[in-house]
Amino acid sequence: MELPPQPASTRAPKRERTQQGRLASKSQGSAFDQMFGDSPYFAFVISEAGRLLACNAHMHSLLGPFADDVPAAQLYAGWVLPMLQSEALPTARMRGHWRGEVELVGHDGSSHPVTQTIEWRANAQPPSYLCLAYPLDDYDVYESRLRFKYLFEAHPQPMWVYDLETLRFMVVNAAAVAQYGYTEAEFLHMTIRDIRPPQEVERLEQNLAATPRKGADQSGAWTHVRRDGSRLKVDISSHAVTLAGRPCRLVFAHDITERLRLQAELQLRGRALEASVNAVVITQHTADGDRVEYANPAFSQLLGHAPENVLGQQLETLLGLQANDDHQQAVHAAMLSHQEVTLLLHIRHRDGAQLWTQMHVAPVPATDDAIGRHVCVLTDMTAILDYQAQLEHQANHDALTGLPNRVLLSDRMAQAITFSQRFGHSLWLVAIDLDNFKLTNDHLGHQAGDELLRAVADRLCACVNEGDTVARLGGDEFLLLLPVANQRPMASLLQLVQQAVAAPLTLAQQTVAVTCSIGVSVFPADGAEPEQLLKHADIAMYRAKEAGRNQVQFYEAAMHARVAERALIEAELRHALAREELSLVYQPKLDLRSGAVTGMEALLRWQHPTLGSVSPARFIGVAEETGMIVAIGRWVLRMACTQAMAWQQAGLPALRVAVNLSARQFRDQALLEEVRAALDDSGLAPQYLELELTESLMMHNVDEAVAAIENLKQLGIALSIDDFGTGYSSLAYLKQFPVDYLKIDQSFTRDMLDEPRVAAIVRSVIALGHSLGFKVIAEGVETAPQLDYLRSNDCDEIQGYYFSRPLMPDAFAALLRSS
Ligand SMILES: Nc1nc2c(ncn2[C@@H]2O[C@H](COP(=O)(O)O[C@H]3[C@@H](O)[C@H](n4cnc5c(=O)[nH]c(N)nc54)O[C@@H]3COP(=O)(O)O)[C@@H](O)[C@H]2O)c(=O)[nH]1
C-alpha cells in the first residue's frame, strides 16, 4: 500500500461529491449504496492494490472530498499505516476479516478515532476489502491507545516518535532500544541528532528545514550511529503525528545494513560475471528446452551472437549443436541429471567455425524436485586442443614429409597385427631405402635432398591403398605396412613402388633418378612381434643393398647371420687402425708388350687377432657405409706413398703405385690436400702415384667429378677408371675425364674366352679406351690364354694371379729385384 502525501485540507465542492458518489455506484453497484448510502458510519471499499474504490456519503462528506483512484493510505493517520500493512489487511485476507481501532483523518486534518472492521471479499468484482468504521467513545479511545502502545512496544520494527520542534525522542520501542544500544531512559534524554554521525548532521538540518510542520510522509536512507559508535544504514519512513498535543513525527527505522551489504556483494558478483573471460550462462528449463535467462558478455563473444539476441533462446541452438548428435545428447542428459557435470563439446560459432569448449553445468537447487535453472560455464578450449593436436601430430609424424613416424608406425603395426590375427590375413612390412641418397644430398645440397624425400613420400603414398601405412623412419628410410587380403597383387605393387621411386625428377635444375633397395618381411611367417618384423624387413633391405642395390629381397633366416657378422666387423674395424691390424700388399702390373713391371696396386689387408685375415670384400663396404673409410683411406694413401718412395730410395726401379679411392673419400673436401701432403711428406714424385676411381663414383655427378679429377690431375698424378664396364658410362662424359687408364673389370677377363659376347665387350673397351687416348689394363688375368687374347687385341697392360698374387712389401721388393 502506498503512503502518499496527505492532500491539503479543503472541502470538495458539491459537484465533486456527486461525482464521488457515482464512483461508489460504478465500482460497487447499487447494493453498496443501498446498504451503506445513508449509514452514519464510515463505509468504504479498498482495492487489492490499496486504492479507494467506493465510499458512502457520510465518509465522503466528513473526510473527503476524494478524487478518483485515491490511495487508501490517505484515509489514515500515519501511525496506523504500518499496522494496516503488516497486520490488518493480511489478517483480513487470510481469515476473512479483521477488527481494530484506527485513526481516520479528514482533509482538514481532523482526527477520527474509529473501530474498523475490514472484510475480504474474494468474490467481488474486482476482489476487494469492505471497510466499516464507527467512532470510538472515550473509554474506547483510552483502550485503543493502550492497544496501540502495546503494538508500538512489541513491534519488531524499531520505531520512535520525536518532537518536531525540540527533536527530542518522546517514545521509543524495544526494537529501537535493541538496535541502537541505548536504554529507553537514555533515549528520552537524547535528540535525533545524537544518533547521526557528524557528516550527516547538516543533511538532517536541511531535511528538517524542508519538512513542513504537518508535512508529508517521508522516506530515505540514512546512516545512524549506535551507542558503541558502530554505524548502521537505515531505511527511514517518517510520518506526521500529534502526541500530547505537539506536532511530532513517527519514525520507522529499518536496518538495511545487511541488505546493502548483500546488494554490494551481489553487485560485485555481477561485475565478476560481466568481467569474466569465461562464458557464463543461466538457463531456465522449459517444456521446449533450456532457454537463456542470463548470459555474460564473454558468452556473446564466444559464440558471436549479439547480447540482445541471446536471451530467451535455446541454449543448444546457440551452441550450434545438431539435433541428436552426441554432443547435443550429452548436453541434454547433463541438464536432466540434477548433478554437476563437465562436458567437452564441439560447438559452432555463429560464423560456422568449430570450437572446442569445456562446459560445466551446475543445477541451481529448486524448492521442489523439478528441474529449474542451470548455471553453465564455458571455457574455450580450441587453442589448447589445437595445440595439443599439433603436439600429438608432431610426436607421431615426420616433420619433413608429414608421414607417420616410428612412434605412430608402432601403433599401427600393433593394430594391424591384431587385425590380421583376427581375420587370418597376412601383413607385409616393406622397408625401402634410397640408393646413394647421401651422394644426392652432398652433391645437390640438403634442400634438394629434402625435396627428393618429399617427392618419394608422395610417390609411395600414390602407390598404396587406403588402410595401408606409409611411414618415414628417418633419413632415406621409408616403410610400408600393407595388410594383405583377398589375393592382393603384391608383386606388382612392389614393382610399382620401384618404378615410382626411380622415375626421374628435377632437383636443383638437374634431372636425377634415384633407385631404391627394398626388403620385405611377412607376418606371421617372419615374426609375430612388430620389432621383430621391422628388424627382419631391415635385414632383407640390407641384403638388397649388398646384392647390388635397386632390387627387392624377402627376408630369409640365413640373412640374420650375415647381419650379425656385419655388426661384428663394424665393431672390430673401429679399432683396427689404432691396433695396427691393417697392412698393405702390392700386386704388380705388367706391360703386355715388353713384359716389364710398370707399377703396382696397393691392396689393403686386415689381420684380426681372432677373426684372422679378413678380406677387403668383407670390410671395405662396412668401412664405406660407416664413414671409417675416410681415415683408413688416408692411412693407405700415406703408407703406399711412403713404401713406393722407400723402394726407390733402396735402389729399386721407380714404379707407379696405384691406390684405390672409395666414393666417400672422393667426396671428402680434404682429399686434394691429403694427396698433396702424402706426396710431400713421403717425398714421392707425383708421377709415381695413381688413384683408381670406380666408374659409378665418377658418373654420379659428372660436373663435380670432372672438376675434382682435374684438380687431382693438376698435382701431376695418374688416374684410372677401375672396374670399367660394370657400371654405366656415358661416352659424352667419359671424354671429359682427364684420366690415364681404363681398367677392364676382372669379371670380363674371367669370362671373355668362354662367352663371345664378353669377348666383344673386352675388344670394344680396348678400342674405346684407345680412341679416347687412355691406356687399357685388364685385371684378373689368371691364365696364359687370357694373356694371349688380351695381347692379340692390343691391351696395354695386365694385372693378375697369372703373373703374381698381391705380395707383402718384402716379397714385392724381392720380385722387383729378380725381374
Ligand atoms: N677403397 C679401397 N678399396 C680397396 C683397398 N684395397 C682393396 N680394396 C678393394 O677391395 C676389393 C677386394 O680387394 P682384394 O680382395 O684385395 O682383391 C683385389 C685383388 O686381390 C684381386 N685380384 C687381383 N688379381 C686377381 C686375379 O687374377 N684373380 C682374382 N680372382 N682376383 C684378383 O682383385 C682385387 C683388385 O680389384 P681392383 O681394386 O678392382 O683392382 C676390391 O674391390 C678392391 O678395390 C683400399 O685400400 N681402398
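**Close-up 1. Gly-773 comes after helix α28 and has a positive phi, near 90°.** Helices here are DSSP runs of H or I with at least four residues, strands are runs of E with at least two, and both are numbered from the N terminus. This is a predicted model, in which local features need pLDDT of at least 70, side-chain atom pairs count only at pLDDT 80 or more, and totals for chains, interfaces and linings use all residues. Residues are numbered from 1 along each chain as its sequence is written.

**Close-up 2. Helix α28 has a buried face and an exposed one.** Val-762, Val-765, Ile-766 and Gly-769 are its buried residues (20 or more other C-beta atoms, placed from the backbone, within 10 Å of a residue's own; exposed means 12 or fewer, partly exposed in between). Looking down the helix axis, these buried residues fall within an arc of 95°, so they line one face of α28; the arc is taken from the directions from the axis to the C-beta atoms. On the face turned away sit the exposed residues Pro-756, Arg-757, Ala-760, Ser-764 and Ser-771.

**Close-up 3. Two prolines follow cis peptide bonds.** Gly-64 and Pro-65 are joined with omega about 0°, and Pro-65 is found in the loop between α3 (57-63) and α4 (80-95). For Gln-125 to Pro-126, omega is near -5°; here the loop runs between β4 (111-121) and β5 (128-135).

**Close-up 4. Asn-324 has a positive phi, near 70°, though not a glycine.** Look for Asn-324 in the loop between α11 (315-318) and α12 (326-336). Asn-324 is exposed, with 8 other C-beta atoms within 10 Å.
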